[in-house]
Every structure is written in C-alpha cells, then in structure tokens.
Amino acid sequence: MHSILAVDDSASMRQMVSFTLKNAGFHVVEAVDGQDAWEKASSRDFSLVLTDQNMPRMDGISLTRRLREDPKFKSTPILILTTESGDQMKQAGRAAGATGWLVKPFDPAKLVEVIGKVIR
Amino acid sequence: MTCTDDADPPAVRLPLPAAAELQDDLLVASCDLERLQRLLADASGDLIGHFHAATDELQALLRVASDREDPAELHRVLAQVTGAITAMQFQDMASQLISHTSHRLRVCADRLAREAMGDDDDEQALPDAPPLRPNPVSQHEMDAGSIELF
C-alpha cells in the first residue's frame, strides 16, 4: 500500500485530505507543518508528499527544497496544495523541485486522479 | 473639475482623541475577526465530526447490505455526502483570509498610533511592521481550484 505524507497546519484540511486518501486506499501519515513533516520524513519512506504552502515553522516550498536535498526523496512526487495561485509562487515551487501545484479547495476525485498519475 | 496635481497632498495630523478613537475601532474590529475565526473553527470541527460519523455509518451499512442486496442506493447517498468535501474546506480558506485581514488592521492601528502620537521618549518606539504580503486567498467561491503538473 502506498504511504502518503499529508502536511497542513489546518486540522480541518488534514482531516479532509486524510479522509479522501484513505478512502482511495492509501496509507496516510499527517504532519502539522513543514518541520514536523521533515522530522517524520527523516525516519521513514513515503510514496508521495502532499503539502500546504503557508505554514508556521517551515513552509511547503522550504520543505520541498529540503526533501530534494535528501537522496531518499530525490524522485518522490511532491505536490503543493495551497490557496496561493500566483505565478511567482508557483514558479518558486517548481524551482524548489515540486512535482505539481494544486490550488485549494480540492475536488476529491481530481486529487486522487492526479496522485494516481504521479505516484510510483 | 479634475484633479491633476501629482504633488503629495499636505500632511494632515488628526486630533489626538480622534486618532485614539480610530485606533480603538481598528483593534475592536481585529478582535471581532479573531472571534469570528474561533466560531468558524468550532463550527467546522463539529461539522467534520458529524461528517465522519455519517460516512462511518454509511460504510457500515454498505458492508452489511452488500452481502444480501444491491447497495446502489447507499452508494448514491455516500457519494452525496462525500461530495461536500470541497465545500467543507471553507474553514481553512476563511481562516487565512481572516488572519491576513486582522493582521492588516493591527498594522494600521500601530501606524496610526505612531503617526498621530509620535514616539514617546519615555517608552520604546514601536518597531516598524514588516511589509504586508498579498492576501494568500484570492478565490471568490468554493469551486475546486486548478491543478498544474510541472
């Protein structure tokens, strides 16, 4: 079973994402911000990381950059799910190594479909 | 008559009582927004709790029903309930919007205090607020957002 690291500082968003991904057959580990995600990622592997952008302690783009520096996450898909839709921010995500940019709110079926496309 | 003068308008200093009143109003509005944020978080928590309870019940019914009958009707009900997930993300977006607006009001209140009252020699001057970044929420409705793969 694929394991997904879902990162968001909003409890309600984590619940919605987890519900959607668990229903689609994924195992989900939740993290409350980038720092928490980084700590969880350093002790285990994930098939995909789905992260928010604006979070305390460490944002999604910084998390992406740090994960990409770790050989373990060199080719792991990283999707950023955020309210931010500006081109400048998207390009920063791309430059950091993100696989894709999803603007909130998400549609459950589309989220599962895009994860199916990028997950290995 | 049109105004074509590009020069800076002359500085107008508000009377101190008016500035203080304005500052109070801004801070009250900011506190009200923070209260609204707590109300939304509380309502959203309840809503999500009931959502999970309803979907758990439906999934339990589906497991029982699938042994002896066609559960198409239950699948339709479950699809209707889970169809609310997109709209149920309102709390996260509203919370970011409220935080940003509340911060903006507080920055305005601080600036007003600095401009109207000046720096008090006996007290440490208020530090300059960092520049406000654009509001992170630009959505006007709860339609699903765009997806871009790089």
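Student: In which strand does A:W101 lie?

Tutor: Please note at the outset that this is a predicted model. A:W101 lies in strand β5 of chain A.

Student: Is A:W101 buried or exposed?

Tutor: The general idea is to count C-beta atoms around a residue: 20 or more others within 10 Å make it buried. A:W101 has 25 C-beta neighbours inside 10 Å, and therefore counts as buried.

Student: With which residues is A:W101 in contact, leaving aside its neighbours within four places in sequence?

Tutor: On that basis, the partners of A:W101 are A:I80, A:K90 and A:G93, together with B:E148 from chain B. A:W101 and A:L50 are 51 residues apart along the chain, and their C-alpha atoms are separated by 9.9 Å.

Student: How do strands of a sheet pair?

Tutor: They pair through backbone hydrogen bonds, in either a parallel or an antiparallel manner. Here, β5 of chain A, residues 100-103, pairs with β1(B) in the antiparallel sense, over three bridges. Within this pairing, A:G100 stands opposite B:L149.

Student: What is the order of the strands in the open sheet?

Tutor: The sheet has six strands, in the order β2(A)-β1(A)-β3(A)-β4(A)-β5(A)-β1(B), and its pairing is mixed. From one strand to the next, the twist averages 15°.

Student: In which sense do β3 and β4 of chain A pair?

Tutor: Strand β3 (residues 48-51) and strand β4 (residues 78-82) of chain A pair in the parallel sense, over three bridges. A:T51 has A:I80 of β4(A) as its bridge partner. A:I80 is also one of the residues in contact with A:W101.

Student: Which helix of chain A packs on the sheet, touching β1, β2 and β3 of chain A?

Tutor: Helix α2 of chain A, residues 34-43, does so, and its direction makes about 160° with that of β1(A), residues 3-7. A:A41 is found in this helix. A:A41 is buried, because 23 other C-beta atoms lie within 10 Å. Apart from neighbours within four places in sequence, A:A41 is in contact with A:L5, A:F46, A:L67 and A:F73. The C-alpha atoms of A:A41 and A:A31, 10 residues apart along the chain, are separated by 9.7 Å.

Student: At what angle do α3 and α4 of chain A pack?

Tutor: For two helices, one reads the angle, the separation of the axes and the handedness of the crossing. Helix α3 (residues 60-69) and helix α4 (residues 87-96) of chain A pack at about 15°, with their axes 8 Å apart. That angle makes α3(A) roughly parallel to α4(A), since angles under 35 degrees count as roughly parallel. The crossing of α3(A) past α4(A) is left-handed. The contact is made by A:I61, A:T64, A:R65 and A:R68 of α3(A), with A:A92, A:G93 and A:A96 of α4(A). By class, these are three nonpolar, two polar and two charged residues.

Student: Which elements make up chain B, from the N terminus on?

Tutor: Their order is α-α-α-β, that is, three helices and one strand. Of the 150 residues of chain B, 9% count as buried.

Student: How do α1(B) and α2(B) pack?

Tutor: They pack at an angle of about 160°, with their axes 10 Å apart; α2(B) covers residues 72-82. That makes α1(B) roughly antiparallel to α2(B). α1(B) passes α2(B) in a left-handed crossing. Among the residues that make the contact are B:L58 and B:L62 of α1(B) and B:V77 and B:L78 of α2(B). The residues of this contact divide into nine nonpolar, two polar and no charged.

Student: How many residues does the contact between chains A and B take from each?

Tutor: The contact takes 26 residues from chain A and 24 from chain B. On the side of chain B, the elements giving two or more residues are α1 (16-65), α3 (90-117) and β1 (147-149). The largest share, five residues, comes from α3(B). By class, this side of chain B has 11 nonpolar, 11 polar and two charged residues.

How values were computed
Residues numbered from 1 in each chain as written. Chains lettered and ligands numbered in written order. Predicted model: local features only at pLDDT ≥ 70, side-chain atom pairs only at ≥ 80, totals over all residues. Contact = placed C-beta atoms within 7 Å. Helix = DSSP H or I, 4+ residues; strand = E, 2+ residues; numbered from the N terminus. Nonpolar A, V, L, I, M, F, W, Y, C, P; charged D, E, K, R; others polar. Pairing = 2+ DSSP bridges. Buried ≥ 20, exposed ≤ 12 C-beta atoms within 10 Å, placed from the backbone. Axes fitted to C-alpha atoms, helices over the stretch in contact; angles between N-to-C directions. Parallel < 35°, antiparallel > 145°, perpendicular 65-115°, else oblique. Left-handed = near helix turned anticlockwise from the far one by under 90°.
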